[in-house]
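Visitor: Please take me through this entry, and tell me how each term is decided.

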Amino acid sequence: MTSIDFDAIPRARLPALLRAMPKAELHLHIEGSLEPELIFRLARRNGVALAYPSVEALRAAYAFTDLQSFLDIYYAGASVLLKEEDFFDLGWAYFERAAADNIVHAEIFFDPQTHTARGVTIGAVIQGLSHACRRAHAELGISAKLILCFLRHLSEDDALATLDAALPYRHHFIGVGLDSGERGNPPEKFARVFARARAAGLHLVAHAGEEGPPEYIRAALDVLGAERIDHGVRCTDDPDLVERLARERTPLTVCPLSNVKLCVFPTLADHNLPALLGAGLCATINSDDPAYFGGYLNQNFVETFAALPQLSARDAYRLARNSFEASFAPAEDKARWIAALDHAFAHA
Ligand code: ADE
Ligand code: ZN
């Protein structure tokens with residue numbers, strides 16, 4: 001990093017550099033990458049009736065006021081996913097876009113309960129996605145891993161049953177997470193299932209501090225043992241917590257376009273990413289649910305940097321480097337990707 005002259009990189013060069021630099025995506029719900037065109041294709045293939053007459057009508061409904069207003073339409077969209085091949089097609093469509101964005105490593109969330117509640121077997125979900133991950137590695141050179149998320153609006157018993165059903169497929173996923181409606185569903189509700197996942201040797205992450213208060217971030221760390229916090233942007237309501245996150249180098253997987261679409265911040269120009277980086281936090285940029293929020297990873301980077309002129313080439317490097325350091329990849333892979341990142345900036 002010391003040999004890179006960040007001040008010599010003109011701001012006009014940043015969009016191209018943001019697009020070209022190698023990066024990892026650590027907060028992507030695969031069901032949130034389900035584009036309207038694929039929803040309609042799968043609905044036809046599987047004979048599923050949709051509440052919208054056309055792709056355009058469905059897209060026009062993507063106007064959200066908060067997290068719950070999004071989740072209602074997001075779970076409805078996922079209803080077209082029935083067979084193992086549907087999950088493969090979903091995963092593969094994302095990986096083709098990821099390759100175009102120079103993503104070299106992706107840790108992808110999936111929500112099995114959204115599908116098992118409709119009678120889909122957990123094996124079809126996991127094996128379809130896992131097949132897409134293997135093909136992404138073989139054909140696109142992307143290192144792709146799966147993280148199973150529990151839906152926090154459902155009971156802990158449901159999460160425990162889901163983990164039990166998933167454990168025969170343990171070798172297909174690297175960790176567990178916690179997503180869905182945050183308000184009124186604190187991390188404490190899932191203490192037992194996270195303890196069991198930890199005992200199975202799985203990595204632990206949790207959404208916290210997206211809409212919920214800083215106490216949820218503390219509980220995700222202290223009660224669940226989360227290694228990364230997904231979103232976490234509301235940590236800035238609690239300066240002691242910010243100081244702790246910086247000291248412990250707990251990564252935050254921040255999703256700028258998502259935060260604006262779900263009204264966490266009024267505009268990108270109001271986003272607290274510069275404050276998070278300024279406080280020395282290990283923040284990363286991610287796309288969350290790109291089919292619903294107006295863009296994949298490079299779009300998040302380019303729009304965020306355009307809206308926040310205080311972000312510099314040094315910040316771009318830091319964000320990409322953080323994405324590798326915060327990943328659960330082996331140290332030798334991280335070192336290789338960081339060397340490629342250094343090369344991209346040294347020749348910018
Ligand atoms: N599931 C998909 N996207 C989510 C988000 N932004 N927050 C919580 N749960 C989600
Ligand atoms: Zn999310």
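Guide: A salt bridge needs a side-chain nitrogen of Lys or Arg within 4 Å of a carboxyl oxygen of Asp or Glu. The model is predicted, so local features need pLDDT of at least 70 and side-chain atom pairs 80 or more, while totals for chains, interfaces and linings use all residues. Residues are numbered from 1 along each chain, chains are lettered from A and ligands numbered from 1 as written, and side-chain values use heavy atoms, without hydrogens and water.

Visitor: Why is the pair of Arg228 and Glu107 called a salt bridge?

Guide: The closest N and O atoms of Arg228 and Glu107 are 2.9 Å apart, and the limit is 4 Å, so the pair qualifies. Arg228 is in strand β6 (residues 228-231) and Glu107 in strand β2 (residues 103-110), so the bridge ties together parts 121 residues apart in sequence. Strands are DSSP E runs of at least two residues, and helices are H or I runs of at least four. The whole structure has 21 salt bridges.

Visitor: What makes Asp289 a polar contact of ligand 1?

Guide: A side-chain N or O atom of Asp289 lies 2.6 Å from a nitrogen atom of ligand 1, and a polar contact is a pair of N or O atoms within 3.5 Å, so the pair counts. For Asp288 the distance to a ligand nitrogen is 2.7 Å, and for Glu210 it is 2.7 Å.

Visitor: How is the shell around ligand 1 made up by class?

Guide: The shell has four nonpolar, four polar and four charged residues. Helix α4 (residues 67-77) gives the largest share, four residues.

Conventions. Polar contact = N/O pair within 3.5 Å; in protein donor to acceptor, adjacent residues only side chain to side chain. Nonpolar A, V, L, I, M, F, W, Y, C, P; charged D, E, K, R; others polar.
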